[in-house]
Amino acid sequence: MARNNSRRPNQPKEFDEKVIKISRVSKKTKGGNQIGFSALVVVGDRKGKVGVGLGKAGDVLSAIQKGIKKAKQKMIVVPLDGTTIPFAVTVKRGAGKVMLKPASKGTGVIAGGPVRAVVEVAGVRDVVAKILGSENQASSVHATFKALKHIADLVKIKGIKLRSIAEIEREEREKMAALQAEAKEKAEAPKEAPKKTESKAKVSSEKTAPKKVKKSTSTKKTSKSKK
């Protein structure tokens, strides 16, 4: 039988997956130590959805797959004000404590490794973050996830209105058009300026030019006095 060698084209993944930490764990049993692995995984679509999961298995690949599955089950929707978060928040979970602050467009993600992974996968492009508690990666990831969940809860309770990325891009286009119009006006204005400067130069030259008439009259007066 002829084998079917046709391969399916590579389809883009719906979610981005990032492995934060892989640890080797052991369990005491009657037969001895049972060795396994745990994987902390972050999953998101870069459009506001993000989830965190911890998978445990006898090998690394199975642990990662379990972590991805759990992360997809615990996904939340993060409210975004354009490309950043709507307001600043500080959250503590266990030993981890994280502070998140909104930033203007173009700032980028200013954060440490574990916090950066969660925020980028969630779709936040501009944010300032700082780890205030333990520097353990797992603690920082869970604290960041709790902070984003806290933001979502407050926005839902208070009914805060947020701007979409499309609205912000439209405002930026209008600003760019206004700046271009001002630049064109400034570029056209200097064409008439040289004429004015030339006329001013002539006036200044006339003022500075020596007066010959006065010198001639003074010489005539001196000649008359000699006579």
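This is a predicted model: local features need pLDDT of at least 70, side-chain atom pairs count only at pLDDT 80 or more; totals for chains, interfaces and linings use all residues.
Reader: Let's start with the overall picture. What makes up the chain in terms of helices and strands?

Author: The chain has six helices and eight strands. Read from the N terminus, the elements run β-β-β-α-β-β-β-β-α-β-α-α-α-α. Of the 227 residues in the chain, 28% are buried.

Reader: Why is the contact of Arg 46 with Asp 16 called a salt bridge?

Author: The closest N and O atoms of Arg 46 and Asp 16 are 2.4 Å apart. The rule asks for a side-chain nitrogen of Lys or Arg within 4 Å of a carboxyl oxygen of Asp or Glu, so the pair qualifies. It also links distant parts of the chain: Arg 46 sits in the loop between strand S2 (32-44) and strand S3 (49-57), Asp 16 belongs to strand S1 (residues 16-29), and the two are 30 residues apart.

Reader: What makes the phi of Arg 46 worth a remark?

Author: Its phi is near 60 degrees, a positive value in a residue other than glycine. Most residues other than glycine have a negative phi. Arg 46 is placed in the loop between S2 and S3.

Reader: How many salt bridges are there by this rule, and which residues are linked in a network?

Author: The count comes to three. Lys 18, Arg 116 and Glu 120 are linked in a network. Lys 18 pairs with Glu 120, with the closest N and O atoms 3.1 Å apart. That pair joins distant parts of the chain, Lys 18 being in strand S1 and Glu 120 in helix H2 (residues 113-122), 102 residues apart. Glu 120 also forms a salt bridge with Arg 116, where the closest N and O atoms are 3.2 Å apart.

Reader: Why are Glu 120 and Arg 116 said to be about one helical turn apart?

Author: They are four residues apart in helix H2, so about one helical turn separates them. An α-helix has 3.6 residues a turn, so residues three or four places apart point the same way.

Reader: What makes Lys 18, Glu 120 and Arg 116 partly exposed?

Author: The buried class ends under 20%. Glu 120 has a relative accessible area of 21%, so it is partly exposed. Lys 18, with 26%, is partly exposed, and Arg 116 counts as partly exposed at 31%.

Reader: Which residues gather in the patch of positive charge on the surface, and why does Lys 146 pass the accessibility test?

Author: The patch gathers Lys 56, Lys 66, Lys 70, Lys 74, Arg 93 and Lys 146. Membership needs over 30% relative accessible area, and Lys 146 has 39%, so it passes that test. Lys 146 lies in helix H3 (residues 137-158).

Terms used:
Residues are numbered from 1 along each chain as its sequence is written. Side-chain values use heavy atoms; hydrogens and water are left out. Patches are made of residues with over 30% relative accessible area and no salt bridge: like charges are joined within 9 Å, nonpolar side chains (Val, Leu, Ile, Met, Phe, Trp, Tyr) within 5 Å. Accessible areas come from the Shrake-Rupley method with a 1.4 Å probe; for residues, only the protein chains shown count as cover. Lys and Arg count as positive and Asp and Glu as negative; His and the chain ends are not counted. The place of a charge is taken as NZ of Lys, CZ of Arg, CG of Asp or CD of Glu. Buried means under 20% relative accessible area, exposed over 50%, partly exposed in between (1.4 Å probe, protein chains only).
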